[in-house]
Amino acid sequence: MANFLGLVQNENMKIYRRGSAKVFAIILIGLLLLGALVVKLNEPSHPAKDTHWQQSLRQQNTQYQQALTQMKKNDSYQNYYKSQIAINQYRIDHNLQPAQRMTLWSFVANSTSMMVLVISIFTIIVVSNSIASEFNTGTIKLLMIRPISRTEILLSKYISSLLFSIMCLVVLFIFSWLIGGLFFGFSGANEVHLSYTNGVVHESSWILATWGNYLLDGVQLIMMVTLAGVISAIFRNGGLAIGLTIFLMMGSNTILAFISQYDWVKYVLFTNLDLNQYYNGQQMRNDMSLGFSLIVLAAYYLIFAVAGWLFYTKRDIKA
């Protein structure tokens, strides 16, 4: 155990001592600042107060009802419009006026999905280079003369990469909250968050909702990082693992658009990656559930883990 913890510590030191880790942090914070600045410069300085917001929401619901009748064969759109109708009606019934401009928490929420994607790319780069570099530079031979197994080496690299992603998520939350407050004010810190689950609207705090989104998005992050590790272990090429994994991650929506009409699409990895679909009313298919997606993801994860372990531990080390 002591040897393994030493390996994890060593891998963490490698990650944070590299200049790339500092560059990743600068890019992450810079993108948040840039996004806040763009929104701030494009929003009106003194927006007119909407005294008829309830009527506006009723008009929206009328439009959404019309859209529902036109999207009978598309579960995703159907679920989206149903969720918006329910949330609008909840606001009307409970006199909860929606924000008319960007607030602290709306900035945090809007930045979450994009920034988690950026963090996923960072972590994919870290894990791919970490696994492939040992073979490319020959340092795997130095590790093998120590009383540790290849399984421990691979696991330490994988865990260190995931710890790096967790650190990035903490940085994202802290700086998105601070930047959102500085640009849009801290007055909305007690704002209520509304979500739509299983046909019911729920109230919750934004802190819980934000970290809930991080947790659900983290599942997708783990799956893509694991896939990158598998590709890196198979081909021992960090560049290939990075490029192929990012291509699949960025192109997944396009792939799903072509195969969404087939029933077997629910078994495809990318269909099940977005677990937020079960909490934001945008479920892709009505014959899917959170439990179903978790089972499918667990099956893919097991396949990735076994394949990566076999190729990393069984292949010969070239002299």
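Read along the sequence, the protein runs α-α-α-α-α-α-α-β-β-α-α-α-α, which amounts to 11 helices and 2 strands (DSSP runs, H or I of at least four residues for helices and E of at least two for strands, numbered from the N terminus). The model is predicted, and local features need pLDDT of at least 70, side-chain atom pairs pLDDT 80 or more, while totals for chains, interfaces and linings use all residues. Residues are numbered from 1 along each chain as its sequence is written, and side-chain values use heavy atoms, without hydrogens and water.

Begin with the whole chain. Its C-alpha atoms fill a box of roughly 75 × 45 × 30 Å along the principal axes. Of the 319 residues, 43% are buried (under 20% relative accessible area, 1.4 Å probe, protein chains only).

Next, select residues 150-184. This is helix 7, whose 35 residues reach 50 Å from first C-alpha to last, close to the expected 51 Å (1.5 Å times one less than the number of residues). Just after helix 7, Gly185 takes a positive phi of about 95°.

Then select Ile124 and Leu172. These two have the most contacts inside the largest nonpolar core, a set of 62 residues (buried Ala, Val, Leu, Ile, Met, Phe, Trp, Tyr and Cys joined through side-chain atoms within 4.5 Å). Helix 1 (2-17), helix 2 (19-42) and helix 8 (206-235) are among the helices that each supply at least two residues of this core. Helix 5 gives the most, with 13 residues.

Finally, keep Leu172 selected and display its surroundings. Leu172 touches Leu28, Leu32, Met115, Val116, Ile119 and Tyr214, leaving aside residues up to four places away in sequence (contact means heavy atoms within 4.5 Å).

Note on methods
Buried means under 20% relative accessible area, exposed over 50%, partly exposed in between (1.4 Å probe, protein chains only).
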